[in-house]
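Work through the exercises below with the sequence and the structure side by side. Try each task before reading its solution.

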Amino acid sequence: MVYNNYPFPMDVSEDLKDKIRSQVTEILKIRDKYDDTLANLYDPLIMPPDLKKAHEKLDKLVDKCYQSKAFKNDEERMKLLFKLYSEYGA
């Protein structure tokens, strides 16, 4: 689970955590529908649309853990992650 490598905010509501857990479960169920390798399932050219949509929903939920408004871009997201990483490591 890739998100375990990132500093997770300490003040996330249980409701939001539950929504994230539920969405992860949904992604696993969707993947189980397909008899294919992870490499193929996550190939951007042939990724099943329902799997892609489920991941996009998960991405939005996880982003809400960090801030209420959407990130402008990946650079803004990375700056916040590195800032938190520095704070938690201090």
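This is a predicted model: local features need pLDDT of at least 70, side-chain atom pairs count only at pLDDT 80 or more; totals for chains, interfaces and linings use all residues.

Residues are numbered from 1 along each chain as its sequence is written, and side-chain values use heavy atoms, with hydrogens and water left out.

**Exercise 1.** Determine which residues of helix H4 are buried and where they lie around the helix axis.

*Solution.* Begin with the helix itself, remembering that helices are DSSP runs (H or I, at least four residues), numbered from the N terminus. H4 covers residues 74-89, and its 16 residues reach 22 Å from the first C-alpha to the last, close to the 22 Å expected at 1.5 Å a residue (the expected span is 1.5 Å times one less than the number of residues). Next, sort by accessibility, where buried means under 20% relative accessible area, exposed over 50% and partly exposed in between, with a 1.4 Å probe and protein chains only. Glu76, Leu80, Leu81 and Leu84 of H4 are buried. Seen down the axis, the buried residues fall within an arc of 135°, so they line one face of H4 (the arc is that of the directions from the helix axis to the C-beta atoms). On the other side of H4 there are exposed residues, among them Lys79, Phe82 and Tyr85. Finally, the buried residues of H4 pack against H3.

**Exercise 2.** Find the aromatic pair in the structure and explain which parts it ties together.

*Solution.* Rings of Phe, Tyr and Trp (its six-membered ring) pair if their centres lie within 6.5 Å; planes under 30 degrees apart count as stacked, over 60 as edge-to-face and the rest as tilted. A search of the whole structure finds 1 such pair. Phe8 and Tyr66 form this edge-to-face pair, with 6.3 Å centre to centre and 75° between the planes. Because Phe8 lies in the segment before H1 and Tyr66 in helix H3, the pair ties together parts that are 58 residues apart in sequence. Phe8 is partly exposed at 31% relative accessible area, whereas Tyr66, at 17%, counts as buried.

**Exercise 3.** Describe the place of Asp63 and name the residues that it touches.

*Solution.* Asp63 is located in helix H3, which comprises residues 49-66. With a relative accessible area of 17%, Asp63 is buried. Leaving out residues up to four places away in sequence, Asp63 touches Phe71 and Arg77, where contact means heavy atoms within 4.5 Å.

Definitions and conventions
Helices (H or I, at least four residues) and strands (E, at least two) are DSSP runs, numbered from the N terminus.
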